[in-house]
Amino acid sequence: MSEEDIIIGIDLGTTNSVVAIFRDGKAQVLKNDLDEYLTPSVVVHDKKTESLVTGRIAKDIYALNPNNGAATFKRSMGNDQMYTIGDKKYGSVELSAYILKSLKMQAETALGCDVNRAVITVPAYFDEAQRFATIKAGEIAGFKVERIINEPTAAAIAYGLNKRESESTFLVFDLGGGTFDVCIMELFEGMLEVKSTAGISMLGGEDFTQRLMGFTLQKVSVNFEYAEIKTPESVMLLRKRCEIAKRELSDKDVVKITIPKMGKMKEEQTIEVTKEDSKEIFKPLLDRLYSPCRTAIRGADIEPQELDEVILVGGATRMPMIREFVEKIFTRAPLTNIDPDLAVAEGAAIQAALSADDEAVQDWVVTDVASHSMGVEVSKKIGGQRIAGYFSPIIHRNTTIPTSRTQSYCTISNNQTRMGFDIYEGESRYTKDNRLIGSLDIEGIPRGPEGQESILVTFTYDTNGLLEVEVLIETTKKKFNKIFTHNAKSISEEEIKKAKKRLAELKRNPSEKPIYRDLLARAELLYQELISDQKKQLEYMLDSFESALKSRTPAEIKKAYKDLKDLCDLLDGGLRW
Ligand code: AMP
């Protein structure tokens, strides 16, 4: 592999980040200069060197003096929250860039060459602005960001779930240091699609450590907040000891924790915590995990028994009580053979190999979903009055991407010759609550009565986050076209040209896809051989499939495809017999 071909996979985590590469036919995680796989996503100002420091050293400094650093800033990716470090203010993009830069150096040391290209993972619920903020951070760090992929998609790829032969449904249960995410994915025709996501952005392994600390301090009658202000060093030491004890409780029935002297304590004190105690201590946290699991299951419109696999991601899923919890609510033992801290980075590395066209991964196919709905502003006639400001989605949230969808609109006044389309993303019915992406104005509409002219608006959206909007005046066949991206990234003319070429592929009618074309041909042949009721039945299914293809709605196409294919299989069998 030449230097230019190297693309690394990066799991840019809320608490820890990991970097991996696809080498010798498999994903390999790279160690940092402390010989560790996990690099804490923390940035502090080091007074001695007057520079910013990241990683484990930064984490230790931050624990003692949180005012001089920043952690968990991934949570404010895409918004303008600022963090003060030393005498300067930094945004989450800049801080993430520091982390990415240190991972870049880590990869370069491990591989002994320059590394300039990366695939970076983000939570499935990140919106476009957050994804572009991540791309921007990558670019500041000196990377060409080849692709942004969803963390659960990466985990599923690491487990090879996208290579399964049959249609399957998976759940990714991700309990990291500071966040909890559940994601349900479906594999259909070799494509991996996110069906639903849910989570709690402020719940993770650190909360388990925190509760254990609270329990120990209660035993020695010390007030937590008071101790944090008065004796931060002792609290930091206790946190370290509780972190170790929490991990030990994964294997042992009883652990000892020595509480450093603080508050009114005369000397340090050692207490014992049993596995039984820990069940009580952690129960309130386990209870909070239920609700997102239920939301994800409902969002995917399935029963837990329909899940084919459950994958565990995030260090905190090593706790046996979490594994028992998962097994109980999803009625199956989770897959655990990949280190839960490393699975996302490994999947990103496999995706990186895919981007580099590595021959070893030629048979992998991955898709993503739109994290937010995208559409145009329309007005509605309510009680004889026209009211503007309504959102009309064209690409719906959770639609598999890349995709191309068309919606028809009409003129709203007599002899209207111009029309302006304001393009938004979001989930609200009202555009004022959504995010404006841009505008496209058209002119030359033939004069006529209100509602007569049909204007077709096609949104074509790819996995790189580029949206092409095409507006067609149906009678004159005149087309208007514009490519939109998001604030954090500006694209050059050259890139726009390339994108247009790529997007043109997507605009092709789905009926041109070989699997759909083959099924149509097969059904039409079969139709000629059949008689009476069977013929009618097949005609009905064929019509439904054709109208689903016309609608370009993936869920409709999928259902109609399956119905028609099942019927063809049945009728084919009957004919042979
Ligand atoms: P992540 O953000 O995925 O790296 O998750 C790190 C979290 O996993 C931290 O809160 C750790 O305390 C937790 N963790 C790692 N290993 C274990 C273990 N063996 N038992 C319990 N928690 C663990």
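**The shell around the ligand**

Mentor: By class, the shell around the ligand holds three nonpolar, eight polar and six charged residues, where Ala, Val, Leu, Ile, Met, Phe, Trp, Tyr, Cys and Pro count as nonpolar, Asp, Glu, Lys and Arg as charged, and the others, Gly among them, as polar. This is a predicted model, in which local features need pLDDT of at least 70 and side-chain atom pairs count only at pLDDT 80 or more, while totals for chains, interfaces and linings use all residues. Residues are numbered from 1 along each chain as its sequence is written, and side-chain values use heavy atoms, with hydrogens and water left out.

Of the 17 residues around the ligand, those that come nearest are T15, N16, E243, K246 and R318, a residue being near if one of its heavy atoms lies within 4 Å of the molecule. A nitrogen atom of the ligand, in turn, lies 3.1 Å from a polar side-chain atom of S250. The protein buries 90% of the 510 Å² that the ligand exposes when taken alone, with areas from the Shrake-Rupley method and a 1.4 Å probe.

The elements giving two or more residues to this shell are α5 (205–219) and α7 (232–248), helices here being DSSP runs of H or I with at least four residues, and α7 provides the largest share, three residues. Because domain 1 (3–203 + 286–369) and domain 2 (205–283) both give residues to the shell, the ligand lies between them, the bounds coming from an automatic or database domain assignment.

Key: Polar contact = N/O pair within 3.5 Å; in protein donor to acceptor, adjacent residues only side chain to side chain.
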